[in-house]
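Keep the structure open while you read.

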Amino acid sequence: MTMEWIGSIVESNNCELWGIAALKEDLVTFERFTSWLSKKNHASMRWLENHLPQRRDPSLVEEGCNRAILIGIPYFISQSDTNREGLINVSKVASYARYEDYHKFVSRMGRSICDDMKSTFDPEGLYKWRPVSDSIPLLERSLHSHFTGSFVGKNTMVIHPQRGSWYLLMEILTSYPFDPTPVKPIDTHKRTKSGGCGTCRRCQVHCPTGALDTEYVLDASKCLSYLTIEHRSVIPLKFWKHFSKYWYGCDICQNVCPYNRAAKLGSPMALKFDVDRDLFDLVRMSQLSYETWFGGTPMTRAKRNGLRRNAFIAMAALGDPRLPEAIKCLRVDEDQMLVHTANQAHQFLNGEEN
Ligand code: B12
Ligand code: SF4
Ligand code: SF4
């Protein structure tokens, strides 16, 4: 009955209730995480080294909260989007980034869910309720894969066996003593009706940069998503050609996953970036255009000059005839990272890889 109540509260926000987790120390997950760090798979994301006690024991994230309501936010967009402006701009933006910033959505929707939860389960206000997603020291994928009947694929995504992986994850941390969801763990090395990768390697084969060469482990230093969103300096030349596919984020390892064939279109989040912008307009965009086009979207994570760098490299990768003009534009920029990127274009066109 409790699950039905929570399910109807979550579904009234067009999201999906996936389960309830008991938050407690999880040494297997923690060791997997620290071993990933020790191999420098996190590239320049040094912030992942912080808050290790919370990653080891998620009940420390919010004092007194040892339960989490696990929610999936759907965001599947049709992958057949072609270039509507007739330009040679075919490089894409990852689907999640086309919506409003999901952190803002989570706090808005999370507040509404928490209000409903309080009036249903906690009218006297005795318990804690805190909506969280992404930017907390919580290993969200592990939590969801342990308590929801979903599994971690070789592409490292949380995959729901019937619905796929086009979901952002969020949680409501609470001190309310809900019963955790009893689930049978899925052995992801086998492929059965309940999920798992088995012998499939599609994501590994199609990842353009070899970032998934070791199954179930992502080497962020090679991942287009990391390079286009989190990497703050010049992009090594050997990755430039892949910017012809994505210039912000990357969805290739989800696009090719068989579990996503039956994905349902739609999302409760508002679409913000539904028309591809001309890459040259992006290279020369002013601060004002940046704020108008990208304000309130997750793409501000890369900041204005990160987006300009990415758009320039995508122009080079696509052989855009306006590249000489774009080079002139960036060569006089005050940001040395952009000047350096512009100066590398000739090396790229000569087939050099550093
Ligand atoms: C840092 C980060 C990144 C980095 C590193 C990604 C990575 N694979 O580690 C970069 C910038 C590359 C990135 C990219 C993307 N990200 Co990101 N990212 C995060 C963040 C903030 C932390 C992830 C982390 O701790 N990584 C370290 C590794 C070691 O941990 P992990 O991936 O969580 O893996 C754990 C489990 O999967 C499990 N596990 C791992 N291997 C195995 C193997 C077996 C057999 C088993 C059983 C378990 C298991 O143990 C691991 C350690 O605890 C999370 C939010 C969060 N707080 O968790 C979002 C998050 C993982 N990202 C998300 C998304 C959507 C993306 C992108 C799709 C965005 C895009 N389109 O560009 C890509 C996907 C790239 C990919 N294939 O992973 C979603 C994933 C949703 C989902 N369904 O899985 C999250 C959860 C954000 C959210 N709240 O929705 N991301
Ligand atoms: S997001 Fe793209 S580059 Fe990163 S692992 Fe997946 S396919 Fe490879
Ligand atoms: S593409 Fe295949 S190997 Fe990769 S996550 Fe999906 S099922 Fe697993």
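## Overall build

The protein has 13 helices and 8 strands, both taken as DSSP runs numbered from the N terminus (helices are H or I with at least four residues, strands are E with at least two). Its radius of gyration is 21 Å, close to the 20 Å that the globule rule gives for 354 residues, so it's as compact as a globular protein of that length. That radius is taken over C-alpha atoms, and the rule is 2.2 Å times the number of residues to the power 0.38. Along the principal axes, the C-alpha trace spans about 65 × 45 × 40 Å.

A word on ground rules: this is a predicted model, where local features need pLDDT of at least 70, side-chain atom pairs count only at pLDDT 80 or more, and totals for chains, interfaces and linings use all residues. Residues are numbered from 1 along each chain as its sequence is written, while chains are lettered from A and ligands numbered from 1 in the order in which they are written.

## Around ligand 1

Ligand 1 has 38 residues around it, and the closest are Ala 94, Arg 141, Leu 168, Ser 225 and Gly 249. To count, a residue's C-beta atom, placed from the backbone, must lie within 6 Å of the ligand. Helix H2 (27–38), helix H5 (140–147), strand E7 (167–174) and helix H7 each give two or more residues to this shell.

By class, you get 22 nonpolar, 10 polar and 6 charged residues. Here Ala, Val, Leu, Ile, Met, Phe, Trp, Tyr, Cys and Pro count as nonpolar, Asp, Glu, Lys and Arg as charged, and the others, Gly among them, as polar.

The residues surrounding ligand 2 include Cys 207, Cys 223, Cys 250 and Cys 253, along with Asn 155 and Ser 225. Helices H7 (224–229) and H8 (252–255) are the elements giving two or more residues.

For ligand 3, the shell includes Cys 197, Cys 200, Cys 203 and Cys 257, plus Asn 155, Lys 154, Arg 201 and Arg 202. Its classes come to 7 nonpolar, 2 polar and 3 charged.

## A helix pair

Helix H11 (residues 303–318) packs on helix H12 (residues 323–331) at about 155°, with axes 10 Å apart. Axes are lines fitted to C-alpha atoms over the stretch in contact, and angles run from 0 to 180 degrees between N-to-C directions. H11 and H12 are therefore roughly antiparallel, the label for angles over 145 degrees.

Phe 312, Met 315 and Ala 316 of H11 meet Leu 323, Ala 326 and Leu 330 of H12, with contact set at C-beta atoms, placed from the backbone, within 7 Å. That makes 6 nonpolar, no polar and no charged residues.

Note on methods
Angles under 35 degrees count as roughly parallel, over 145 as roughly antiparallel, 65 to 115 as roughly perpendicular and the rest as oblique. Two residues are in contact if their C-beta atoms, placed from the backbone, lie within 7 Å.
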